[in-house]
Amino acid sequence: MFGLTIEQIAFIFRGAGWTIVLSLLGFVGGTIFGLPVALARASHNRGLNLVSGLFVQLVQGIPLPVIMFVVYFGISIGGYDVPALVAAGIAMTLYSSAYLGEIWRGCIQAVPKTQWEAGECLALTNFQRFVYVILPQALRIAVPPTVGFLVQIVKNTSYAVVIGFFDLTYSAKVINNSTFMPFTVFTIAALIYFAICFPMSVMARRFERRLNRS
Amino acid sequence: MSYEFDFSFLNEYLPELWHGIWLTIGMTFVSIVPGFALGTGCAIGRLYGPPWVQRIVTIYVEGIRNTPLIIQVFWLFFGLAVLQVRVGPFPAAVIALVINVGAYTAEIMRAGFMSIPKGQLEAAACLALKPSQSLWSVQLPQAVERVYPALVSQFVLMMLATSIMSQISAEELTGVAYMIQSFTFRGFEVYLVIAVIYFVMACLLRLTLLGVAQVSFPRKRRLGTPL
């Protein structure tokens, strides 16, 4: 097929499987740690604000490959020998929690102020007000940008190739090194990435239009 | 944990580090202007061009935005090698960056053009400006000013993305870091230092581009208000 053997194509697809695994890890980790970041960024506590703001600025100012290297070597000086998947997963978690935290902060703050005031008038505690009034509305606003960011996560898992993680980019590189048919190999890889990312981009746009209409 | 930090490589490899920093900065600045021009052209083509231009631009923008930069770089660099076109890693990296950032800029600029109030276009028509004059003197300045913060963020992201160009042996900052760590086995310290350098560079680039905005948007400089 396209001058490649079935085994070689299968090899590339095996890499695609690991790309999806790493993307899921990054998204789940990013959600678990991103939510506290968003809450801290949106809170009125100055200390929390400062710390979370610094974290977001740092992660957004450092290239993801460098974060991957720092995590990778950081784990190894601790004396642990872990697979590249763990290092890449931690790096993706750091990365996506900073971006998701910033996205969700915007969503929380986009809920009109009158909603907070109405909650206060109903004598809700801070916690009740947040969980029953603000969060459901913020979630609705958060869907389109979150799906859009998923595309970024999938694309950026390709940087894990720098620490030798076996993903779609890595497997494509290996096949290219052995066959030297870059156009074929990397077009296949690009098409697989596109097949994963494009539906999500379209979905994000559709969600956004629906949100704007209502 | 009995690990002793050792930053002594800093002295020894300072020239290499500087070289890497300059290459990263060079790559970024060389790519910004053509990338912006390409993106703006594509945005105009997608908004006002004939249907076939619109279709091509849409395919280009969606194709680039939904695939990773590193695959685009490999495709271009190794592909050119197969075609017997000899380009060095630096030009290949710049071409890839321009193509990549052009697609993102196209989307940003399209949003900018679409956000211009209709009254501005009508006013331009009333002044008997040709469509090209209206585009150049009325729409373009306003569109750029409106989306400038988004453009700045995009160019900072592009600067950070240059860090993978060492994969095609362009010895920018991350490539230098890899070289140093393979000589000194101080991977963690080396990349910590590199991370700090990138962070500082990202802040400086942002400040520089915002400074450019202060100089180049006279209306903003005089009134100090957003559009």
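At 42% relative accessibility, B:Ser169 counts as partly exposed (buried is under 20% relative accessible area, exposed over 50%, partly exposed in between, with a 1.4 Å probe and protein chains only). This is a predicted model, in which local features need pLDDT of at least 70, side-chain atom pairs count only at pLDDT 80 or more, and totals for chains, interfaces and linings use all residues. Residues are numbered from 1 along each chain as its sequence is written, chains are lettered from A and ligands numbered from 1 in the order in which they are written, and side-chain values use heavy atoms, with hydrogens and water left out.

**Positive phi**

- Most residues other than glycine have a negative phi.
- B:Ser169 is not a glycine, yet its phi is positive, at about 65°.
- The loop that holds B:Ser169 runs between helix 7 and helix 8 (173-184) of chain B; helices are DSSP runs of H or I with at least four residues, numbered from the N terminus.
- A:Phe180, also a residue other than glycine, has a positive phi near 50°.
- In chain A, the loop between helix 7 (168-179) and helix 8 (182-213) contains A:Phe180.
- A:Phe180 counts as partly exposed because its relative accessibility is 44%.

**Aromatic pairs**

- Rings of Phe, Tyr and Trp (its six-membered ring) pair if their centres lie within 6.5 Å; planes under 30 degrees apart count as stacked, over 60 as edge-to-face and the rest as tilted.
- By this rule there are 23 aromatic pairs over all chains.
- One of them is the stacked pair of A:Phe73 and B:Tyr191, with 5.6 Å centre to centre and 10° between the planes.
- This pair joins two chains, because A:Phe73 lies in helix 3 (residues 64-77) of chain A and B:Tyr191 in helix 9 (residues 187-216) of chain B.
- A:Phe73 and B:Tyr191 are both buried.
- B:Phe5 and B:Phe7 have ring centres 6.4 Å apart and planes at 10°, so this pair is stacked.
- B:Phe5 counts as partly exposed at 46% relative accessibility, and B:Phe7 counts as partly exposed at 36%.
- A cluster linked by ring pairs takes in A:Phe69, A:Tyr72, A:Phe73, B:Tyr178 and B:Tyr191.

**A buried glutamine**

- B:Gln142 is part of helix 7 (residues 131-161) of chain B.
- With 14% relative accessibility, B:Gln142 counts as buried.
- A polar atom of the B:Gln142 side chain lies 3.5 Å from the backbone oxygen of B:Val138.

Methods. Polar contact = N/O pair within 3.5 Å; in protein donor to acceptor, adjacent residues only side chain to side chain.
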